[in-house]
Structure formats: C-alpha cells, structure tokens
Amino acid sequence: MKTKFLILIAMGVSVMGYSQKNEIKDAEKALKGGDAAAAKTALEAAASTIDAADEKLQAQYYAVKGNVYSDLAQKGDETAFQPAIDAYNKVISVEEASGKEKYTTVAKQKLAQITGDLVNAAVEDNNNQKFKEAAEKLYMSYKLSPADTIYLYYAASSAVNGQDYDNALNYYNELKEMGYDGSGVTYTAVNIETGEVETMDKATRDLYVKANTHKDPNEERSPSKKPEIVKNIALIYQQLGDNEKALAAYSEARAENPDDVNLVLGEANLHYSMGDKENFKKLMAKASEMAPDNPDLLYNIGVINMEQGNLEDAREAYKKTLAIDPGYINALLNLSTTYVNEGNGLIDEMNALGSSKADIAKYDELKGKKDSLFKEGATVLENAVKTNPDNQSILSQLKNIYGALGDTENFMRIKKLLGE
C-alpha cells in the first residue's frame with residue numbers, strides 16, 4: 001500500500017511538470033507572436049506550483065517570465081519593470097544553486113538592458129516633471145547596477161524635485177554612508193573637421209590629438225558632491241521639522257564646506273524658526289562678512305530678513321545689493337515690497353480705531369504714514385522703470401501700488417505701459 005502511494009505521488013509530480021512545461025511553451029509562443037498579455041496569463045497558471053519543480057524548469061519559467069515582463073515594460077507598463085528584474089534575478093540564483101547555467105548569461109544581459117531602459121524612462125519622466133516616478137526608476141537602476149552610484153545621486157535629486165522628502169533623505173543618507181564623492185574629470189577636445197567640442201575618455205582623447213583629428217585638449221574637474229549631499233540632508237530635516245537633526249546636519253555640512261555662505265544662511269534661518277534670534281543675528285553677520293561684495297548673498301540675506309519680518313534689515317540688504325548691481329530686478333521689487341509691507345502693517349491698527357476726535361486724528365496720522373511708505377515703494381520702482389521700461393513685473397507691482405493709493409492718473413499711465 002505504501003509503495004502504491006509513492007507511485008501515485010510520483011505520477012502527480014510528473015503530470016504537474018508536464019502541465020508546467022505546456023504553460024511555459026504557451027507563454028513563449030504568445031510572446032513570440034507579440035501577445036505579452038496572453039503570455040503573462042499562461043505563466044500565471046503555473047505560478048503557484050513552479051517552485052516545487054526541478055531547477056531546470058524553474059530557470060526556464062523565470063527566464064520566460066522575465067522576457068514577458070520586460071516586453072510589457074518596453075511597451076509602457078511601468079509596473080512591469082520590477083517583476084522583470086525579480087524574474088531575471090531568480091534565474092541567476094536558481095542556476096547558481098544548481099551549478100548549471102543555461103539562461104544566466106541572457107538574464108544578465110537583459111538586466112543590463114533594463115537598467116538602460118529605466119534610466120531613459122527616468123530622463124523622460126524628469127522632462128515631464130514626473131519627478132517622483134523618475135526617482136523610483138533611478139533608484140531601481142542603482143540597485144541593478146550598484147557600481148553606478150550616480151544613479152542614486154540623481155534619484156535623490158529627482159525625489160527632492162518631486163517633494164518626496166522621505167525618500168530623498170533615505171537616498172542622500174545612503175550616499176553619505178557609502179562615502180560618495182561624485183567628483184571627476186571630463187576630457188574634451190575640438191574635432192578639427194566639425195569644430196565641435198567632444199567629450200571622451202582620456203586615452204581616446206590623447207589618441208585623437210596625436211592623430212591630428214582633434215585639437216585643444218582640455219580637462220575639466222567637477223567638484224566633490226559631498227558638501228551638497230550633507231547640505232541637502234540638513235535642508236530636508238529642516239523641511240520635515242526635525243530641527244535637532246537639521247542643526248547637527250548643518251554643523252557637519254559647514255565642516256565639510258566652511259566657505260559656503262548659503263549653509264550659514266540656512267542655519268541662521270533654522271535658528272530663527274526655533275526662536276533663537278541671537279544665533280540668527282550672529283550667523284547673518286557672519287554671512288555678510290564672508291562675502292560682502294556678493295550681490296546674490298546680500299539679496300538672500302534680504303529675503304530671509306523679509307521672511308522673518310525684519311523689514312529694516314531686509315531693506316538695508318537690498319540697498320547693498322543694488323549698490324553692487326543696480327539692475328538686480330528682484331532686489332528692486334523686494335525693496336519696494338518692504339515699504340508696502342510696512343505700510344500694510346498699519347492697516348489693522350487703523351481699522352481698530354474708533355470715531356472719537358482723537359481716534360480720527362490718529363487714523364489720519366497713520367494713513368499719512370501708510371501712504372508715504374507706499375509712495376516710497378513706488379519711487380523705487382519708478383527709478384527702476386527708467387532703465388527697465390518693459391519689465392512686466394516692475395510695471396505690475398507699480399500699478400498695484402498706485403491702485404492702493406487711489407492715484408488714478410498714475411494707475412492709468414502704468415496700465416497703458418502694460419498694454420492693458
């Protein structure tokens with residue numbers, strides 16, 4: 001009786017294996033005919049029992065499955081990338097365990113192809129501002145090809161652009177832990193026939209120059225990306241509201257790149273948001289000392305002060321910016337805005353007054369001060385119009401100020417300049 005039972009089991013396995021072979025053949029036939037969906041359905045029929053099959057059949061099954069899902073991915077099914085990758089990796093692991101390789105070489109080639117497909121799809125996603133999707137594909141590319149750490153770096157950048165800060169932080173921390181540097185040398189030479197600058201590896205460049213097909217060899221060094229990575233970790237912690245980790249990251253980032261004034265500004269802004277105005281002022285003063293003639297820095301100091309409501313300090317920073325670069329449009333606009341914001345700050349106080357004689361007198365006083373501030377803001381922009389007569393941002397802001405002042409004549413004049 002025991003012998004018969006064993007025979008029945010053996011027969012069951014044999015029938016099951018025969019069925020799986022047919023399903024795999026059906027999948028191969030459907031895929032060859034261009035019907036990847038039908039091939040997928042055929043494989044699903046064998047999925048529940050395939051891991052009980054022998055290694056040879058398993059390897060064949062997963063090889064076909066990889067081909068099916070790879071085909072689906074190439075046809076636009078982005079969810080098919082990971083199943084294809086998993087299937088090809090299963091081929092490799094099964095054959096490695098059995099010691100017999102039949103599909104491994106092709107599986108590895110297919111994985112390399114998928115890596116390229118993922119990168120190309122990520123580039124397209126980024127161009128279409130689908131940043132989160134791009135980040136996911138780039139991270140998959142990195143996991144497929146760990147030596148290409150640049151994919152992880154680009155995945156982090158795309159995640160930031162997509163405001164997917166949790167994943168961006170994970171990617172940046174992974175880069176930091178592996179000691180990713182990202183610096184390098186780009187070798188170029190001018191093609192004598194076309195006159196175009198071409199990029200190539202050093203050996204090829206040197207060979208072409210010796211062959212007189214190229215000239216003007218050049219080497220461009222890209223700086224280390226470590227400071228940027230640590231800085232972005234700090235910014236993300238700040239964005240996520242984890243201030244203590246953000247401060248620690250800023251400290252590390254500044255140690256990595258002590259001359260980066262934007263790090264000083266970022267830390268200053270963080271201290272202000274935490275209510276630490278003393279450290280805020282110290283760091284802002286340090287930033288000013290680090291680059292006293294840098295208009296962009298001075299402008300950023302103005303922006304941070306304006307965001308914190310420090311209008312006098314913001315105004316001073318914008319004036320310093322304009323002393324260095326009189327045509328700095330955003331500084332002109334923001335300088336004007338400091339006066340408008342200060343004027344708007346008086347409106348609530350005006351509206352809270354009553355109708356007594358003293359209140360009416362106070363109201364008139366505040367209104368006069370408000371209008372004076374608005375006019376000061378308008379004067380800044382009128383001076384800017386002299387050298388930027390067609391700048392729509394300047395004209396639009398000037399129109400709004402005259403509208404708020406009730407200055408119909410100047411309001412209509414600026415509307416005409418705007419072509420309205």
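This is a predicted model: local features need pLDDT of at least 70, side-chain atom pairs count only at pLDDT 80 or more; totals for chains, interfaces and linings use all residues.
Let's start with a charge and a ring: the charged end of Arg315 sits over the ring of Tyr339, 4.1 Å from its centre. Sitting over a ring requires NZ of Lys or CZ of Arg within 6 Å of the ring centre and within 35 degrees of the ring normal. Lys370 is placed likewise over the face of Phe374, at 4.7 Å from the ring centre.

Residues are numbered from 1 along each chain as its sequence is written, and side-chain values use heavy atoms, leaving out hydrogens and water. The chain has a mean pLDDT (the predictor's confidence in each residue, from 0 to 100) of 87, and 95% of its residues reach 70 or more. Over residues 1–18, however, pLDDT stays under 50, and the model has three contacts (heavy atoms within 4.5 Å) beyond four places in sequence for them.

Back to the rings. Searching the whole structure gives eight aromatic pairs. Rings of Phe, Tyr and Trp (its six-membered ring) pair if their centres lie within 6.5 Å; planes under 30 degrees apart are stacked, over 60 edge-to-face, and the rest tilted. Tyr61 and Tyr62 make an edge-to-face pair, 4.9 Å centre to centre with 85 degrees between the planes. Both Tyr61 and Tyr62 are buried, a label for under 20% relative accessible area, with exposed over 50% and partly exposed in between (1.4 Å probe, protein chains only). Tyr272 and Phe280 are also edge-to-face, because their ring centres are 4.8 Å apart and their planes stand at 65 degrees. Tyr272 counts as buried at 17% relative accessibility, and Phe280 is buried at 3%. Ring pairs also link Tyr139, Tyr142 and Tyr171 into a cluster.

Now for the strands. Helices (H or I, at least four residues) and strands (E, at least two) are DSSP runs, numbered from the N terminus, and two strands pair if DSSP finds at least two bridges between them. Three strands form an open, antiparallel sheet in the order E2-E1-E3. E2 (197–200) and E3 (214–222) each have a single partner strand, so one side of each is left without a neighbour in the sheet. E1 (residues 184–191) pairs with E3 over seven bridges, and Asn191 has His214 in E3 as its bridge partner.
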